[in-house]
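The following note sets out points for a colleague reviewing this model. It treats helix packing, then the domains, then the ligand surroundings.

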Amino acid sequence: MVQFTQEQEMIRQTVNRICREKLAPKVGEVDRTCEFPWDIIQEFAGAGLRRMFFPVQYGGLGRDLVTNAMVVEEIAKFNTATAHTFCGIANSRNPLLLTGTEEQKRKYIPMLIRENGVTCLSITEPNAGSDVASMETRAVKDGDHYVLNGRKCFATNGSVALLYFIFAVSLPEEGAHGISCFLVEKGTPGLNAGRVEDKLGLRASNVAELTLEDVRVPAENLIGKEGEGFKICMVTLDKARLDAAAMGVGLAQGALDYAVAYAKSRVQFKQPVAQFQGMQFMFADMATHLEAARSLTYEAARRLEANDGSASMFCAMAKLFSSDMAMKLTVDAVQALGGYGVLRDHPVERIMRDAKILQIFDGTNQIQRLIIARGILR
Ligand SMILES: Cc1cc2nc3c(=O)[nH]c(=O)nc-3n(C[C@H](O)[C@H](O)[C@H](O)COP(=O)(O)OP(=O)(O)OC[C@H]3O[C@@H](n4cnc5c(N)ncnc54)[C@H](O)[C@@H]3O)c2cc1C
């Protein structure tokens, strides 16, 4: 089981306090209006969370991935959309940090911290979802620039980001080895955010279409080497999957806590419904699967932090298990409230909608199974 250090526990309590006092009162409203509560990001920044996971030499506090998972879990207990956006803000494993040059890091990491900036990682296209290598967005070298053209979709933070990591094909004859990663600054002519998606869950997080029309990107903003985009995409997704796993654990804990409290106070047949064994067995299963997901999530965090050779497989396992657990647990949490479970007066229906998304983004759970099988069979 996970044992946090004294310092980690203090960080967890700070996150809990901010979320309880500032976020909890408005989670229902932001789900309805789809407006992200940006003031909460200011609160996080004030508590040092904004820069907590960036390396010290670029102005960060250099905390590890276990702490990162713990913070994401704690935010998701209150609101998964906020946890999701936080991951694009305190993203300690974005392409820039993983493979950027020293100049790129010195220029852009302090900028992200200073401006409270959000990043957007844009891989998916209308005709290239799970099959990333089939992307059609093109990057053509023109002197000391690349010119990008294409369409992206499902870009989290797509219309609010400060920095965009755009994946495009620059060597068309090389297949998956022809994809490159480009850092594009907000406001670059030709980069436009289109429709913001009206989603089932994570409704307050911003997910938009992007169009790229003759977007001129300085060659110095190529991240890694030309043709390394697919590799960069995969290592970046390891951390994204860890975040998704931590969100699953957090939202499931929130739903379980609520359902148990409700069942203790709801009286039928002259006793609290929590007294019925049928209900108790359901709660026992929920709690057991939740703890298993939590253990796997922190084990994946530990392995990724240590750059262990099995880390990718563990991140895929954690994402798969935690999101499937979160989906099942939240359906049961709704069940525990009976008819009241489907009303917006109670948070469990929102949490159930949020859980569904975790099974799809950052690679669907079918794709996670492919990654795990590849890890076992190699
Ligand atoms: C809320 C949200 C946020 C997102 N944020 C981002 C983001 O920030 N950046 C980004 O680039 N993308 C993002 N995505 C896109 C997400 O990663 C894709 O939706 C996902 O990878 C699946 O692609 P697709 O939707 O095109 O489904 P498809 O690839 O069309 O899949 C359709 C179905 O076929 C199954 N399938 C496909 N291939 C296989 C296979 N080989 N074996 C078995 N089954 C298979 C899938 O599992 C799925 O069930 C986001 C998506 C959502 C919903």
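1. Helix 10 (residues 311–336) packs against helix 11 (residues 348–358) at an angle of about 160°, their axes being 8 Å apart. Helix 10 is therefore roughly antiparallel to helix 11; angles over 145 degrees count as roughly antiparallel, under 35 as roughly parallel, 65 to 115 as roughly perpendicular and the rest as oblique. Axes here are lines fitted to C-alpha atoms, for helices over the stretch in contact, and angles run from 0 to 180 degrees between N-to-C directions. Helices (H or I, at least four residues) and strands (E, at least two) are DSSP runs numbered from the N terminus.

2. Two remarks on provenance apply throughout. The model is predicted: local features need pLDDT of at least 70 and side-chain atom pairs count only at pLDDT 80 or more, whereas totals for chains, interfaces and linings use all residues. Residues are numbered from 1 along each chain as its sequence is written.

3. The crossing of helix 10 and helix 11 is left-handed, meaning that the near helix is turned anticlockwise from the far one by less than a right angle. On the helix 10 side the contact involves Ser-323, Ala-326, Met-327, Thr-330, Val-331, Ala-333 and Val-334, which meet Val-348, Glu-349, Ile-351, Met-352, Ala-355, Lys-356 and Leu-358 of helix 11. Contact requires C-beta atoms, placed from the backbone, within 7 Å. By class, this contact of helix 10 with helix 11 has 10 nonpolar, 2 polar and 2 charged residues (Ala, Val, Leu, Ile, Met, Phe, Trp, Tyr, Cys and Pro are nonpolar; Asp, Glu, Lys and Arg are charged; the others, Gly among them, are polar).

4. Helix 8 (residues 229–265) also packs with helix 11 at about 160°, with axes 10 Å apart, and the two are therefore roughly antiparallel. Their crossing is left-handed. Helix 8 contributes Ala-244, Met-247, Gly-248, Leu-251, Gly-254, Ala-255, Tyr-258 and Ala-259, and helix 11 contributes Val-348, Ile-351, Asp-354, Ala-355 and Leu-358. The class count for helix 8 with helix 11 is 10 nonpolar, 2 polar and 1 charged.

5. How do helix 8 and helix 10 cross? Their axes come within 8 Å and cross at roughly 20°, so the two helices are roughly parallel. Helix 8 passes helix 10 in a left-handed crossing. Their contact has 21 nonpolar, 5 polar and 3 charged residues.

6. The chain is divided into domain 1 (6–114), domain 2 (119–227) and domain 3 (231–377), with bounds from an automatic or database domain assignment. The C-alpha centres of domain 1 and domain 3 lie 21 Å apart, and 23 residues of domain 1 are in contact with 23 residues of domain 3. On the domain 1 side, two or more residues each come from helix 2 (27–33), helix 4 (65–78), helix 5 (80–89) and helix 6 (95–99). Helix 4 gives the most, with 10 residues. That side divides into 12 nonpolar, 5 polar and 6 charged residues.

7. The ligand is surrounded by 20 residues, the closest being Ile-123, Gly-129, Ser-130, Thr-156 and Thr-364; a residue is near a molecule if its C-beta atom, placed from the backbone, lies within 6 Å of it. Strand 1 (119–122), strand 3 (145–156) and helix 12 (365–377) each supply at least two shell residues, and strand 3 provides the largest share, 3 residues. The shell has 10 nonpolar, 8 polar and 2 charged residues. Because domain 2 and domain 3 both give residues to this shell, the ligand lies between them.

How values were computed:
Two residues are in contact if their C-beta atoms, placed from the backbone, lie within 7 Å.
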